[in-house]
Amino acid sequence: MGANFAAHMISRRMSIAPFLLLAFLLVLLLRPGTLFAEGEATIVDNLDASPEKRFEVVNGPTPARTSASHPGYWATNYSSLPVVSSAETERVRWVCTTLPAGDYEVYVWWAAAATRSKSAPYVIKDGATELATVRVDQTINGGSWRLLGAYTFSAGQHTVELHNGGSATSGSTAVCADAVKFVSMGGATSTTTTTLATTTTTTSLPTTTTTSSTTTTSITTTTVPYSDSYEPDNSPADAKTIAAGQTQNRAIQGVGDVDWVQFTLPHVSDVVIETSGLAGDTELRLYGPDSSSTLVAYDDDSGAGNFSRIHVFNIPPGTYYIKCNEYGNNGTIAAYTLSLTVTPYVPDSYEPDSVPADAKTISDGQTQNRSIHAVGDADWAKFTLTLTSNVVIETGGVADDTDLWLYGPDDPSILIAYNDDTPPSLFSRISVRNLAPGTYYIKVGEHDNNDTILAYTLSLAVSPYFPDAYEPDNVPEDAKVISNGEVQNRSIHFLGDVDWAKFTVTQTTDAVIETAGVIGDTVMWLYGPNDPSTFIAYNDDTPPSNFSRISVSNLAPGTYYIKVSEYGNKDTIEPYTLSLSLPNMPTTTTTTTSSTTTTTTTPTSTTTTTLPAPASCIIDNMDVGEEKRFEVVKGPTPARTSASHPGYWATNYSSLPVVSGAETERVRWVCTTLPAGNYEVHVWWSAAASRSKSAPYVVKNGAIELDTVRLDQTSNGGSWQLLSIYTFDSGQHVVELHNGESKSTGSTAVCADAVKFVRVGD
């Protein structure tokens with residue numbers, strides 16, 4: 001306006017001294033106005049340090065500045081805060097003290113990277129008053145201004161803070177603190193009145209008279225609206241309707257012109273609003289539902305060129321308002337198009353199924369086509385087992401990320417298993433063994449509940465649990481007899497199943513014990529004589545197969561115990577054979593099949609080797625020595641008792657209270673005297689109905705976590721229960737037990753009693 005006014009004044013050839021004219025123009029162009037025009041912006045960068053606009057530390061150390069790691073930063077660099085999963089440890093802020101009171105859009109800028117937080121918390125404040133907290137995903141959409149929303153500020157109180165509280169997400173290391181922009185949403189005037197001091201000179205002969213006077217000149221500038229076929233539409237009240245699928249030809253041809261448009265959704269829908277044209281730079285805002293001031297989404301340049309595009313998902317029914325203007329409101333757009341695309345919300349055929357009461361049935365062998373059709377949607381399914389069974393539940397698809405839960409039996413609040421990812425995909429898989437009869441509930445959600453999944457599959461596979469003829473044989477007391485020369489048909493019929501067998505020799509003899517089968521991987525132990533805890537020998541594989549074989553010599557008279565399990569307790573073996581040969585004793589060979597039993601007597605011989613007995617260590621909850629000790633990692637010292645429930649090791653047991661969320665207490669058993677090697681890890685508890693069904697034992701090699709095994713402490717108490725076999729460094733044998741997510745129906749405590757390490761053959 002200043003340049004146009006100057007041209008106007010010069011064209012009138014006003015009699016104004018050149019220096020006064022220049023002074024007037026400078027005052028007009030540079031004077032501090034009381035009005036802040038719509039579209040004017042103030043940017044505060046992480047390098048700013050003046051009192052008027054500054055970036056400063058609120059909490060924690062001064063964050064490092066860098067420009068080397070990731071492009072897309074504002075100005076010359078960016079700062080960063082480390083991510084944390086809980087309460088904040090660092091906070092920074094951007095402050096502007098020169099802006100007048102009013103309504104402002106607040107934008108932020110960051111450099112995107114895969115290591116950025118997906119939950120960076122920006123806190124918008126009017127001075128000390130918190131207006132809103134907006135969390136953004138900094139792994140995407142970097143290198144551009146991103147709208148947080150529109151807010152009302154007092155004069156000079158424009159503040160945005162960024163902290164690292166709860167910012168840790170998968171793969172994240174940093175929260176990026178770069179720049180903030182405040183853009184005024186109004187307050188300009190269309191009329192300017194300027195008072196000019198002028199000097200008029202009148203010349204007369206023979207005398208000269210000089211007269212000075214003051215002249216007031218009023219200049220009024222008016223925005224002349226360009227009337228495309230949808231004008232007038234400069235306010236929400238004048239918004240014209242756009243239909244789904246329609247493209248409208250429009251124009252921004254007056255400075256400050258704004259186009260308002262409206263549409264109505266009868267159903268929850270996905271919506272795309274887009275501008276395009278040959279030349280121009282638009283901004284788009286979407287408001288609603290049923291409100292022209294509640295901002296839903298904003299975009300500047302997501303369309304072609306500098307044009308805008310908004311894509312929103314799962315917005316509810318109602319009337320929505322679109323506002324379109326030229327970026328900065330300081331230019332024109334001779335012609336542009338505005339289009340609207342609406343995709344109605346279409347639930348899959350199993351909806352409604354968002355709560356357990358609406359869970360739809362899935363059958364064994366069935367694959368269901370489903371969708372997470374709304375942000376926050378959850379799909380529930382259910383199945384019923386009439387026999388104890390092994391179950392595999394799986395999701396699949398093209399490129400999405402699911403979470404999967406299994407609950408039951410007969411209760412959708414008792415968690416059995418959870419899975420997020422099954423590499424290399426982000427889809428989920430749960431495999432559980434030995435599920436009791438009953439109804440089970442499956443829950444599927446989108447990971448983080450911040451997106452939709454247009455299509456995924458849910459499948460169920462059930463294999464009935466079939467114990468072999470020697471069950472029950474899961475503890476030494478139930479070990480079944482195997483005779484010299486006998487071959488027994490057995491199975492590891494559920495995850496964690498263990499088979500025990502026993503034999504008796506009356507004279508010193510050698511022994512060969514062997515497992516075999518088509519598919520499977522066994523591990524085998526030999527204990528005795530007359531004591532199922534005295535270790536003699538161990539074997540994993542006998543190449544080229546993964547089945548096990550133990551050959552020992554000079555066994556003294558007595559009873560010996562054989563233990564067989566699947567390697568790692570991660571699968572079943574259906575079936576396998578277990579055979580025994582005592583070459584120095586008369587051989588009675590009994591081969592049992594499903595239809596015949598044949599007995600023969602034959603002499604046999606074999607070459608035998610003797611394996612040295614490994615080291616072992618038992619740590620009780622009473623142990624406090626340096627070599628082996630029970631100690632508190634987190635929380636108070638747990639109470640010791642022997643009064644409540646029998647079946648404890650030694651004189652008593654300790655207990656932790658159950659909790660449904662994050663752990664509050666943790667204890668550990670440590671042994672510092674054992675050498676490096678492979679060890680069985682066993683645990684002991686006293687069982688009770690009030691015990692947790694999900695007690696989490698954490699096996700560690702020093703500080704390195706090797707495995708977490710959750711066990712049902714309502715049963716199988718009063719005996720050693722194998723977690724698995726693990727490799728430890730010297731003196732680094734550690735087992736921890738905590739109470740996180742340990743609460744189950746009727747439970748009150750997690751029992752912390754004893755741990756045993758038993759070295760197995762190397």
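Let's start with a charge over a ring: R250 lies over the face of Y230, at 4.3 Å from the ring centre. By that I mean NZ of Lys or CZ of Arg within 6 Å of the ring centre and within 35 degrees of the ring normal. There is also a lysine case, where the charged end of K181 sits over the ring of Y107, 4.8 Å from its centre.

A quick word on the source, friends. This is a predicted model, with local features needing pLDDT of at least 70 and side-chain atom pairs counting only at pLDDT 80 or more, while totals for chains, interfaces and linings use all residues. Residues are numbered from 1 along each chain as its sequence is written, and side-chain values use heavy atoms, with hydrogens and water left out.

Now the overall picture. The chain comes to 2 helices and 57 strands; these are DSSP runs numbered from the N terminus, helices being H or I of at least four residues and strands E of at least two. Of its 762 residues, 46% count as buried, where buried means under 20% relative accessible area, exposed means over 50%, and partly exposed is in between, with a 1.4 Å probe and protein chains only. For contacts, meaning heavy atoms within 4.5 Å, take those with a separation of 6 or more: residues 24 or more positions apart account for 75% of them.

On to the aromatics. How many aromatic pairs does a search of the whole structure find? The count is 26. Rings of Phe, Tyr and Trp (its six-membered ring) pair if their centres lie within 6.5 Å; planes under 30 degrees apart count as stacked, over 60 as edge-to-face, and the rest as tilted. One of the pairs is W74 with W109, edge-to-face, at 4.9 Å centre to centre and 70° between the planes. W74 lies in the loop between β3 (65-66) and β4 (78-82), and W109 in strand β6 (residues 102-109), so this pair ties together parts that are 35 residues apart in sequence. As for accessibility, W74 is partly exposed at 25%, and W109 counts as buried at 12%. Elsewhere, ring pairs link F55, W94 and Y122 into a cluster.

Let's move to the sheets. Strands of a sheet pair through backbone hydrogen bonds, either parallel or antiparallel.

Next, the cysteines. How many disulfides does the structure hold? The number is 0, using a cut-off of 2.5 Å between a pair of cysteine sulfur atoms. Among the cysteines, C96 is buried at 1% relative accessible area, and C751 is buried at 0%.

Finally, some backbone details for those of you who like torsions. The peptide bond from P423 to P424 is cis, with omega near 10°, and P424 has its place in the loop between β31 (415-419) and β32 (429-435). The bond from E471 to P472 is also cis, with omega near 0°; P472 lies in the loop between β34 (453-464) and β35 (480-481).

E741 has a positive phi of about 50° and lies in the loop between β55 (733-738) and β56. Is E741 buried or partly exposed? With a relative accessible area of 44%, E741 is partly exposed.
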